[in-house]
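The structure is shown first.

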Amino acid sequence: MSCSAAHSVDPGRSAGADVGVRTLRVGLPLLVLLGAVLRFYRLGGQSLWVDEILTLKAANVGESLGLRDVFSNMQGSIHALLVHFVAKLSTSEAALRSLSAVAGTGTIPVIYLLGRDMAGRRAGLVAAALFAVSPFAIWYSQEVRNYSFLILLSAASTLVAWRIITRRDRAWALYATTVTLALYSNLSAAFLWLARTIFGLGRLARDGRLWKWGSTCLVVAILSLPLFVSTVLWVEADSVRERVVVAPLAEEEELLRGSTTFSPMAVPYSVFTMVYGFGLGPGTHELHVDSPVRAFSRYLWLVLPAGVLAAGVFLLGFRWLWVSGGAGRLVASVVVVPFVAAALLALLNVKPFNVRYVAVMLPVVVVTLAVGVASLPTRRGAWLCAAVALFSLVSLRNYYFVPEYAREDVRGAARYVAENERPGDIVLVPVLQDVFRFYFEGQAEHFALYKGQTRSADGVRRAVEERTEGSARLWFVDSRLWHMDPAGRTPSVLDARYERLDTRRFAGATVSLYALDGSTRTER
């Protein structure tokens, strides 16, 4: 419906010539409805994962939450505050994630307005369509994290900034509000704040309004002061200065996340993921246990045409926006500044690089793709839009239904152990212990291993023997083992020393049961 609206973009056209008012009135609500369905579909179908548990901790679920906790929270104050109150009603996955789903759905009309203001109503409608089915946006709309709120407020603040800078709009208070809320959603909003400032400096200076922009930024800084103070305290408490080192020149032991701190492959991977999400190409496990090049090479038949298509459409849109006015410079600033900032933090070993840390540029990326589609004649634009949407739907299908692309099912693993445990059992959860603890309703004690213990087989053996002394059986929950034991020594030691009694596989997790003494080696 919206893809067939693709045609040449002309911001100078009247509203009626740009796209039919009737099409708009019917099309946009349908796209919002489609986006809502995709975001609420199977909302509680997957287990919570480790970052979502961090949100629950930041929200003080089950405890009191004071103003100091709210304003000093670096995990996204606004989202954590709302999660705290939702959790009083229900701690089900669907309830906790519903906030993100609502924010993701609400972003669709904002994306339409941003596309309309930058390139006309037709481009706005195509942008809304692409965002409605965006696998990347849907992933974070189904997660108990702050990124869906961040994307919404990034779109809203960019829309207001565009109107202030290019239309001499006077919505200074609204801009200060949206930027402040974005910062309290996630600190990476500061990258976008800087990018828009760089974009608007010249025009604001020529118009004599630079002082107003500066004053508004000062208000934002004052309102965000508690957040910045907590950041300084984090730098001191977490010894951030001590671990700053140029990652490519450092020993692996010095790096925050080992060899995964930063990779040149992060650039194309981030762009590809921003368009198609995490369900097209290799899954998370493949990317961590194999080199990115080898992992993607196995899916070259799918990744290559999808990547070429996305790059071509984006470049078409960027070219049109660049030659048509200031929109191209906004796109360049919003894409380059956050990416450089996130990469620099990773290269200095301050924070590992992840595509979600540059999610602030998603609204502008989607609008640029939409302009690329809408800049072509109707039929060709419709085919391009349909092709991008088709790849997105394939990614969504994998996310919803293929276990390799789902979040690790620690929920299923914990329930299986609880249903089959016996007195004297003990559980080894090397990595996702917080998630396991959230779901586990059994009686068995559980423990973790640490990197220092997994550097040798003897270290693993000693740690296991020390913790399992006096226990009859050991449950081993293997999930994201690459993070703590990339060499896989733990399962090798367990298989070599103990009799395996049972194995059960879940999405991204395997539960194995071992006999620890002679009396249980023959049990099944």
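F296 has a relative accessibility of 13%, so F296 counts as buried (under 20% relative accessible area is buried, over 50% exposed, in between partly exposed, with a 1.4 Å probe and protein chains only). The model is predicted: local features need pLDDT of at least 70, side-chain atom pairs count only at pLDDT 80 or more, and totals for chains, interfaces and linings use all residues. Residues are numbered from 1 along each chain as its sequence is written, and side-chain values use heavy atoms, without hydrogens and water.

The structure holds 23 aromatic pairs (rings of Phe, Tyr and Trp, for Trp the six-membered ring, with centres within 6.5 Å; planes under 30 degrees apart are stacked, over 60 edge-to-face, the rest tilted). One of them joins Y269 and F296 edge-to-face, at 6.0 Å centre to centre and 70° between the planes. Y269 belongs to helix 15 (residues 266–276) and F296 to helix 17 (residues 292–297), so the pair ties together parts 27 residues apart in sequence (helices are DSSP runs of H or I, at least four residues, numbered from the N terminus). Y269 is partly exposed, at 26% relative accessibility.

Y399 is buried at 5%, and Y400 is buried at 8%.

## Charges over rings

The charged end of R407 sits over the ring of W139, 4.1 Å from its centre (NZ of Lys or CZ of Arg within 6 Å of the ring centre and within 35 degrees of the ring normal). R329 lies over the face of W322, 5.8 Å from the ring centre.

Definitions and conventions. Helix = DSSP H or I, 4+ residues; strand = E, 2+ residues; numbered from the N terminus.
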